[in-house]
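Student: Could you show me how to read the packing of helices in a model? I would like the general idea and then a real case.

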Amino acid sequence: MKKIIQITMLLLGAMLIVCQASADVNFSEYFKDQTMRLDYYHTGTAAEEHFAIDRMVNDGIWAGSKQQLIDELELGKYFFEIQEPQTGKVLFSRGYSSIYGEWETTPEAKEEWGVFHESVRFPWPRQKVKLVIYKRNRDQDFEQVWEYMVDPESRRVNPAELQSSYDVYEVATHGKPENKVDIVLLSEGYAPDEMDEFRSDADRFARALFSTEPFASRKEDFNIRAVQVPAPNSGLNHPQQDIYKRSALSVSYGAFGSQRYALGYDNKTIRDAASTVPYEFTAILMNDSIYGGGGIYNLYITAAADNAFHDYLYVHEFGHHFASLADEYYTSATAYEMGSDVVEPYQLNVTTYTEKEKIKWGDLIDENTPLPTPWGQEKFDKHGRQVQKKREEMRKAKVSEKKMEQLFNQQREWEEDYLSQIPHAGKVGAYQGAMYHSKGIYRSEPNCIMFTRTDEFCAACRRAINMVIDQYTR
Ligand SMILES: [Zn+2]
């Protein structure tokens with residue numbers, strides 16, 4: 001569908017206002033007030049990918065908006081639509097990213113096959129509907145990669161209500177799920193006698209989020225509930241450091257060979273735990289003191305709750321998960337290989353353009369701010385390389401996590417100081433260096449929580465977050 005619209009625009013050489021018939025979907029005509037979770041296997045290599053159905057289950061009441069069913073933000077590497085089969089009318093849609101989407105870019109995917117369990121969630125259809133999944137191509141346009149006819153009467157559908165045995169702690173509730181952004185927090189690596197600690201970590205997550213704009217101003221738009229998933233013992237698995245644990249959700253450090261990247265591949269268990277409560281976004285709090293985490297758009301975040309940087313980890317990773325924000329840093333140890341061809345990224349906080357009218361946040365840039373905006377990158381990068389070198393040495397010497405935290409703190413102080421004194425400090429512009437590239441990609445402000453371990457989002461990130469909040473609360 002999307003492909004056709006783009007071709008039409010090219011042919012006419014002008015922007016067409018495409019009237020989506022779907023804008024007027026009447027929720028109760030097509031859907032019950034219930035969530036269908038469709039589970040599937042996503043398998044492939046760097047060169048090919050395949051989808052296979054697993055099952056469909058009842059994931060509880062529908063927590064999303066009943067008015068705003070179509071995802072007009074179109075963020076993420078993947079995108080799915082629920083269509084009326086006879087007419088092709090889009091009844092529901094959502095963008096998302098996945099572990100598969102990252103894995104397929106790692107060297108491992110060139111050598112072997114991978115298989116990942118994934119889910120898409122949508123309101124429970126009254127009749128047969130068609131699920132269509134799209135993926136971005138090299139030009140960042142969505143192309144169809146799978147379709148599946150969803151028959152609510154099929155033997156693969158289990159409408160039974162999930163009976164969760166986990167205890168729930170209400171962190172902050174401000175209204176009915178359908179009018180609010182609903183976040184579920186899951187405990188990982190907390191033994192049964194550590195649930196007091198989890199509840200206070202959950203409160204701390206809420207404080208960190210709600211003290212950062214734009215979440216702070218829009219606190220009333222959120223519900224946060226914590227699900228207490230007891231682990232057999234305390235802490236997380238760290239294969240690179242010879243610390244082995246089996247926890248309830250199977251989240252582990254060392255994802256894709258990166259020591260501080262933590263992911264859990266046990267999608268079914270994580271989803272079943274999350275659906276104890278109505279939810280749209282998921283944060284897995286890890287009972288661990290070693291710096292680390294991860295965040296994937298519309299999947300979940302993981303974050304170390306006992307590290308000195310927990311507040312930063314919560315908010316930074318949540319930026320990835322909630323609004324598909326790109327990392328703005330570029331001295332990265334993460335494992336993805338970036339393509340050499342530079343195409344304008346879909347993420348709303350990075351751009352390849354330096355012309356005001358082409359930049360996503362161009363309307364926020366003053367007429368007299370130079371583009372690209374100078375910011376003393378050379379000196380900043382020199383300092384960054386020194387810290388990186390020291391960090392490698394310290395890691396090799398296996399120094400304590402406290403020593404690492406000291407280094408991170410020194411780095412943070414230097415960077416805060418430096419970035420607040422550059423000539424255009426506080427100005428929206430186009431600052432070179434973002435998304436793992438030191439050249440050719442730009443961010444909107446000198447500093448941002450997606451760039452350094454500071455505590456504020458830049459203007460482009462704040463706007464993107466507000467757009468997502470609107471989508472779930474309108
Ligand atoms: Zn930003």
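Predicted model: local features only at pLDDT ≥ 70, side-chain atom pairs only at ≥ 80, totals over all residues.

Student: What are two packed helices described by?

Tutor: Two packed helices are described by the angle between their axes and by the distance between those axes. Here, helix H5 (residues 195-210) packs with helix H7 (residues 310-323) at an angle of about 65°, and their axes are 9 Å apart.

Student: How are H5 and H7 placed to each other, roughly perpendicular or oblique?

Tutor: Angles from 65 to 115 degrees count as roughly perpendicular, so H5 and H7 are roughly perpendicular to each other. Their crossing is right-handed.

Student: Which residues make the contact of H5 and H7?

Tutor: H5 brings Arg204, Phe205, Ala208 and Leu209, while H7 brings His310, Asp311, Tyr314, Val315 and Phe318. Of these contact residues, 6 are nonpolar, 1 is polar and 2 are charged.

Student: At what angle do H7 and helix H10 pack?

Tutor: H7 and helix H10 (residues 459-473) pack at about 50°, with axes 10 Å apart. H7 and H10 are therefore oblique to each other.

Student: Is the crossing of H7 and H10 left-handed or right-handed?

Tutor: H7 passes H10 in a left-handed crossing. On the H7 side, Gly319, Phe322 and Ala323 make the contact, and on the H10 side Cys461, Ala464, Ile465 and Val468 do.

Student: How do the residues of the contact of H7 with H10 divide?

Tutor: There are 6 nonpolar residues and 1 polar residue in the contact of H7 with H10, and no charged ones.

How values were computed
Residues numbered from 1 in each chain as written. Axes fitted to C-alpha atoms, helices over the stretch in contact; angles between N-to-C directions. Helix = DSSP H or I, 4+ residues; strand = E, 2+ residues; numbered from the N terminus. Parallel < 35°, antiparallel > 145°, perpendicular 65-115°, else oblique. Left-handed = near helix turned anticlockwise from the far one by under 90°. Contact = placed C-beta atoms within 7 Å. Nonpolar A, V, L, I, M, F, W, Y, C, P; charged D, E, K, R; others polar.
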